Amino acid sequence: MNRNEKNVNKLTMLGMMTALVFVSNYLRITMPIAIGGRTSFTLANIMCCLSGLLLGPVGGFASGLGSAIYDLSNPAYAPECWITFLTKGVMGMVAGLAMKDRETPAYGRCTVSAALGCVAYYILYFFKSFAYDGLLMGGLTASVAAAALPLKIPASLFNGAVAIILAPPLCVALRRSLKRTHIQLP
């Protein structure tokens, strides 16, 4: 495969994963919480982790961009699309960095990589919930903004657990299928 074909292949895979992340963001249940806005049960984190597992660190770009485009399509989330680009991008990037051997992925390695991506994302997500949603936009005091964080834990645990459970088998299955069809991922 020559250099131009590799670049086209890489761009195609990035575009596909960006689209899958974007569409998966619509699979959500958003709920208001008593203090500090809203929280969501969503399946998008599966695709964000899968993007990193399949494409490596550059998969973070697809996970960040797909999620940010979703935010731009929803007036409730549009003002914070740049934050979503960064936080979801870090999720995919960390999962991709942790996934050293993407050619022959082992289920255990995929699981650990997805878990690391989720942990990195949730550190940033809770900081964003405290600083941006609570202090800056909500006008809450630091103690009230901190008290609102536990309200987001159930949805966060669900979203992270689903991503850690489902992204690894998807990665392994897709890698095997792509290998059989002689399609190379970047």
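Predicted model: local features only at pLDDT ≥ 70, side-chain atom pairs only at ≥ 80, totals over all residues.
Student: How many salt bridges does the structure hold?

Tutor: Side chains of opposite charge can pair when their charged atoms come close. This structure holds three salt bridges.

Student: Which residue pairs with Glu 80, and how far apart are the closest N and O atoms?

Tutor: Lys 128, at 3.0 Å. Glu 80 sits in the loop between H3 and H4 and Lys 128 in helix H5, so the pair ties together parts 48 residues apart in sequence.

Student: Are Glu 80 and Lys 128 buried or exposed?

Tutor: Both are buried. Lys 128 also bridges to Asp 133, again with the closest N and O atoms 3.0 Å apart.

Student: Which residue forms a salt bridge with Asp 133 at 3.8 Å?

Tutor: Lys 152. Asp 133 is in helix H5 and Lys 152 in the loop between helix H6 and H7, so this pair links parts 19 residues apart in sequence. Shared partners join Glu 80, Lys 128, Asp 133 and Lys 152 into one network.

Student: Which residues lie nearest the centre of the largest pocket?

Tutor: Tyr 77, Glu 80, Tyr 121, Tyr 125 and Lys 128, out of 32 lining residues. The volume is about 530 Å³. H5 gives the largest share of the lining, seven residues. By type, the lining has 11 nonpolar, 13 polar and eight charged residues.

Student: Which residues make the nonpolar surface patch?

Tutor: Phe 61, Trp 82, Phe 85 and Leu 86, over about 420 Å². Helix H4 supplies the largest share, three residues.

Definitions and conventions: Residues numbered from 1 in each chain as written. Heavy atoms only, no water. Patch = residues over 30% accessible without salt bridge, like charges linked within 9 Å, V, L, I, M, F, W, Y side chains within 5 Å. Areas by Shrake-Rupley, 256 points an atom, 1.4 Å probe, with all protein chains shown as cover. Salt bridge = Lys/Arg side-chain N within 4 Å of Asp/Glu carboxyl O. Helix = DSSP H or I, 4+ residues; strand = E, 2+ residues; numbered from the N terminus. 1 Å grid on protein atoms, 1.4 Å probe; cavity = no way out; pocket = protein on both sides within 12 Å on 5 of 7 lines; lining within 4 Å. Points joined across faces, edges and corners; volume = space filled by probe spheres on them. Nonpolar A, V, L, I, M, F, W, Y, C, P; charged D, E, K, R; others polar. Buried < 20%, exposed > 50% of the residue type's maximum accessible area, 1.4 Å probe, protein only.
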